[in-house]
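Have the structure open beside you as you read along.

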Amino acid sequence: MSIVKVEIFTDGACRGNPGPGGWAALLRKGSNERLINGAEASTTNNRMELQAAIEGLQALSRTTRVSLTTDSQYVRQGVTEWIQRWKSNGWKTASRGTVKNRDLWIELDELNARHDVQWFWVKGHSGHEENERVDRAANDAIDDLLKE
């Protein structure tokens with residue numbers, strides 16, 4: 001049995017911080033793509049960046065080898081560098097403050113452990129095709145929320 005290989009591109013957006021926010025994830029397996037998005041009425045940009053990665057990984061139905069690309073250093077560094085220290089310090093930062101967005105970090109950590117994820121960063125708004133697509137989709141989700 002071979003492990004499925006999927007590319008995921010994620011982005012979050014917020015109008016105000018806090019304010020209405022949106023997230024989006026583009027999943028690609030070969031030539032097949034699926035774009036998902038959603039929004040919340042009152043949130044922060046970092047929460048939407050985390051939610052995009054969570055939703056992308058949750059959309060996978062079985063253990064998967066994933067290449068996940070985000071324009072959020074907060075998400076990439078958090079999951080690849082900081083989270084183990086936070087967990088061992090009782091969810092405290094190096095300065096002994098409480099880790100913000102702990103609920104989402106716990107969820108992302110569980111999903112990251114379920115899959116074989118490689119984390120990549122791309123500069124936002126730099127013309128990266130997939131990043132531009134998920135940025136538009138995250139903002140579209142905010143627009144749809146605000147129309148309701």
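Which residue in S3 does Trp-23 stand opposite? I looked it up: Gly-38. I kept in mind that this is a predicted model.

**Entry: the hairpin.** I followed strand S2 (residues 19-29) and found it mostly covered, with 10 of its 11 residues buried. Strand S3 (residues 32-43) runs antiparallel to S2, and 10 bridges join the two. I counted 2 residues between these strands, and noted that Gly-30 in the hairpin takes a positive phi near 65°.

**Entry: salt bridges.** My search of the whole structure gave 9 salt bridges. I started with Glu-130 and Arg-28, whose side chains meet at 3.0 Å, N to O. Glu-130 sits in helix H4 (residues 129-147) and Arg-28 in strand S2, so this pair ties together parts 102 residues apart in sequence. Glu-130 is buried, at a relative accessible area of 13%, and Arg-28 is buried too, at 15%.

Next I checked Arg-133 and Glu-33, a salt bridge at 3.0 Å, N to O. Arg-133 is in helix H4 and Glu-33 in strand S3, 100 residues apart. Arg-133 is partly exposed at 24% relative accessibility, and Glu-33 is partly exposed at 39%.

**Entry: two helices.** I compared helix H2 (residues 73-88) with helix H3 (residues 102-114): their axes come within 11 Å and cross at roughly 95°. H2 and H3 are therefore roughly perpendicular to each other. Among the contact residues I noted Tyr-74 and Trp-86 of H2, and Trp-105 and Leu-108 of H3. The residues of this contact divide into 7 nonpolar, 3 polar and 2 charged.

Methods
Residues numbered from 1 in each chain as written. Predicted model: local features only at pLDDT ≥ 70, side-chain atom pairs only at ≥ 80, totals over all residues. Heavy atoms only, no water. Axes fitted to C-alpha atoms, helices over the stretch in contact; angles between N-to-C directions. Helix = DSSP H or I, 4+ residues; strand = E, 2+ residues; numbered from the N terminus. Parallel < 35°, antiparallel > 145°, perpendicular 65-115°, else oblique. Contact = heavy atoms within 4.5 Å. Nonpolar A, V, L, I, M, F, W, Y, C, P; charged D, E, K, R; others polar. Buried < 20%, exposed > 50% of the residue type's maximum accessible area, 1.4 Å probe, protein only. Pairing = 2+ DSSP bridges. Salt bridge = Lys/Arg side-chain N within 4 Å of Asp/Glu carboxyl O.
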